[in-house]
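Please find below a short note on the model under review.

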Amino acid sequence: MKIDSTKYILPYLPDILIKSFSKPQTVQQDITITGSLLFADLSGFTAISERLASLGRLGAEKLAGIINNRFNLLLGVVFAYGGDVIKFGGDAFLAFFSGTDNTSRAYMCAGDLIHWITENGRISTPVGDFSLGIHAGISAGDIYNLYIGDKRKEHLFCGLTVENAYMAADTAGLGQVALTKHVASSINGIDITELENGFCICRKLHKSNKIKFATRQGWDDIFNKSTKPLDENLERFVINGLKERLNYNAGVIEGEHRVLTSLFIGVSSLRANLEADSKNSVSAINNYFTCLLYTSDAADELDGVDL
């Protein structure tokens, strides 16, 4: 009996990707979208993981429980503001906001995230007590939204707006939110300090009287499980081996500590090439991604691309 793994895979994919493939397609029509990005970076998990590693499997289970608990609540705040989590990078994530008042919603979401962690970031473990912190960056504008690859696909979110979100977060200290000047000028009544690097630091953060949490929307309206080409396309966006592990344990991934070596490859001038000649650049990115896949097959596996 064939297992329908779609329900296990969907939580690992952003809504914008699922919606894009809600109808079978062979060619991506639009490669840019417009909206606001919130990049939130948590600190403290590295120290916790290093200490819990000494407990072996028990430590891995404890760490997974801590991360799941905190991230479930933080993402609940993002969903309450209508955000779509695009990417995770370690203990950081990138959320996309579109539609009406998307910039204001990203700004208010960032404030609530920071206030919640400030009040709930103390963690007690068998190896000691730890404190979590968070800082965030917000940008807005056009974003390259690309689907590259063939047998193995990758959702590529890139461009100046993405870079600005990362740089804004780097500018912010713990407990701070940094904005681009464009974002700051579009939000009424905020108190900011302009910096020499072109970003702005919020002097006073938004705080809701009662922080709201929401669950992620269902996919029944945007996903037709009977459409087999759609199933296959979505499965190609998950990393090697994930589908098999999800199927094996009914959608549950157990926490574990691994000893591994990571290789990060930087690609220069990607944005400049896309801005100069998007059609040929997308073709070149696809070719490069294919080469990376062949290389990774000779080694171990390619877990993701974030250019």
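**Note on the predicted model**

1. Confidence by element. Within the chain, the lowest confidence falls in helix H8 (residues 228–235), with a mean of 65, and the highest in strand E8 (residues 177–180), at 98. The model is a predicted one, and these values are the predictor's confidence in each residue, on a scale from 0 to 100.

2. Confidence overall. The mean pLDDT of the chain is 84. A score of at least 70 is reached by 86% of the residues.

3. Composition. The chain contains 11 helices and 10 strands. Of its 307 residues, 45% are buried. Among contacts with a separation of 6 or more, 72% join residues 24 or more positions apart.

4. Helix H4 (residues 57–80) packs against helix H5 (residues 102–120) at an angle of about 155°, and their axes lie 9 Å apart. Angles over 145 degrees count as roughly antiparallel, and H4 and H5 are therefore roughly antiparallel to each other. Their crossing is right-handed.

5. Residues of the H4–H5 contact. From H4, the contact involves Arg70, Leu73, Leu74, Val77 and Val78. H5 contributes Cys109, Asp112, Leu113, Trp116, Ile117 and Asn120. By class, the residues of this contact comprise 8 nonpolar, 1 polar and 2 charged.

Methods:
Residues numbered from 1 in each chain as written. Predicted model: local features only at pLDDT ≥ 70, side-chain atom pairs only at ≥ 80, totals over all residues. Heavy atoms only, no water. Axes fitted to C-alpha atoms, helices over the stretch in contact; angles between N-to-C directions. Helix = DSSP H or I, 4+ residues; strand = E, 2+ residues; numbered from the N terminus. Parallel < 35°, antiparallel > 145°, perpendicular 65-115°, else oblique. Left-handed = near helix turned anticlockwise from the far one by under 90°. Contact = heavy atoms within 4.5 Å. Nonpolar A, V, L, I, M, F, W, Y, C, P; charged D, E, K, R; others polar. Buried < 20%, exposed > 50% of the residue type's maximum accessible area, 1.4 Å probe, protein only.
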